[in-house]
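Me: I am new to this structure and would like to learn how to read it. Please take me through it feature by feature.

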Amino acid sequence: LTRFAVDHLLGDFGIDGAFSSLSVKILPPGVVLHNPSIALQEKNIVGLPSGTKLDAKNVEVTFELFQLFSGSVNISGVTINGATLKLDLDRGFFRGRDRAFEKRMAAQPLSWDRLFRFNFRSVGFVDSSLDLRVALPDGQPIVLRTYAKELTIGKGLIDRDRAYDFAFDLG
């Protein structure tokens, strides 16, 4: 199962990398990737810039229980433990992000991410080193290099408007 996932699924999701083993969780449903080392390609499932790099002890992905045959995969949470993350969000990332991502995905051949829509509800980092660079409209970047004991970013809807949660403990 691990070899199949590395050889076939990661590439379909726009991810270069490997992991040592894969565990399947029954309740709540999900998967755990052990010792992943990944880099994102230009066209990837999470819509982050190519070159984003992540090494971790494990990545746990938890799915919502009732979603069979819905055409979308709702991921209630992604928890990344013991990570080193390098992420550079330049101005191009923010400009027309949703339209550009849909256009890039439409140009790809048939793959897993074309069969389903993936909705991520939250991403959390535990005991992780983060190297983040976010470009401001004037071109000057905000650079954050820190250790996060716990950092969670979530999204949802309030009165049909997008809402984001941000919680952190930088220890």
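Me: Which side chains does D131 meet in a salt bridge?
Reply: Start with the general idea. Side chains of opposite charge can pair when their charged atoms come close. The rule for a salt bridge is a side-chain nitrogen of Lys or Arg within 4 Å of a carboxyl oxygen of Asp or Glu. Here the side chain of D131 meets that of R145, at 3.3 Å from N to O. D131 sits in strand β10 and R145 in strand β11 (residues 141–158), 14 residues apart, so this pair links distant parts of the chain. Strands (E, at least two residues) and helices (H or I, at least four) are DSSP runs, numbered from the N terminus.

Me: What kind of model is this, and how are residues numbered?
Reply: The model is predicted: local features need pLDDT of at least 70, side-chain atom pairs count only at pLDDT 80 or more, and totals for chains, interfaces and linings use all residues. Residues are numbered from 1 along each chain as its sequence is written, and side-chain values use heavy atoms, with hydrogens and water left out.

Me: How many salt bridges does the count come to?
Reply: The count comes to two. Besides D131 with R145, E60 pairs with K25, and their closest N and O atoms are 2.5 Å apart. E60 lies in strand β6 and K25 in strand β2, so the pair ties together parts 35 residues apart in sequence. E60 is partly exposed, at 27%.

Me: Which residues is K25 in contact with, leaving aside neighbours within four places in sequence?
Reply: Contact means heavy atoms within 4.5 Å. K25 is in contact with G30, V32, E60 and T62.

Me: Where is S128, and is S128 buried or exposed?
Reply: S128 is in strand β10, residues 122–135. S128 counts as buried because its relative accessibility is 0%. Its side chain reaches the backbone nitrogen of A83 at 3.0 Å. That is a polar contact: a pair of N or O atoms within 3.5 Å; within protein, one must be able to donate a hydrogen and the other to accept it, and residues adjacent in sequence count only if both atoms are side-chain atoms. Beyond neighbours within four places, S128 also touches other residues, among them I80, Y147 and A148.

Me: Which residues form an aromatic pair?
Reply: A pair of aromatic rings is described by the distance of the centres and the angle of the planes. Rings of Phe, Tyr and Trp (its six-membered ring) pair if their centres lie within 6.5 Å; planes under 30 degrees apart count as stacked, over 60 as edge-to-face, and the rest as tilted. A search of the whole structure finds one pair. F166 and F168 form it, tilted, at 5.4 Å centre to centre and 50 degrees between the planes. F166 and F168 are both exposed.

Me: What does the protein's secondary structure come to?
Reply: The protein has four helices and 12 strands. Buried residues make up 32% of its 171 residues.

Conventions
Buried < 20%, exposed > 50% of the residue type's maximum accessible area, 1.4 Å probe, protein only.
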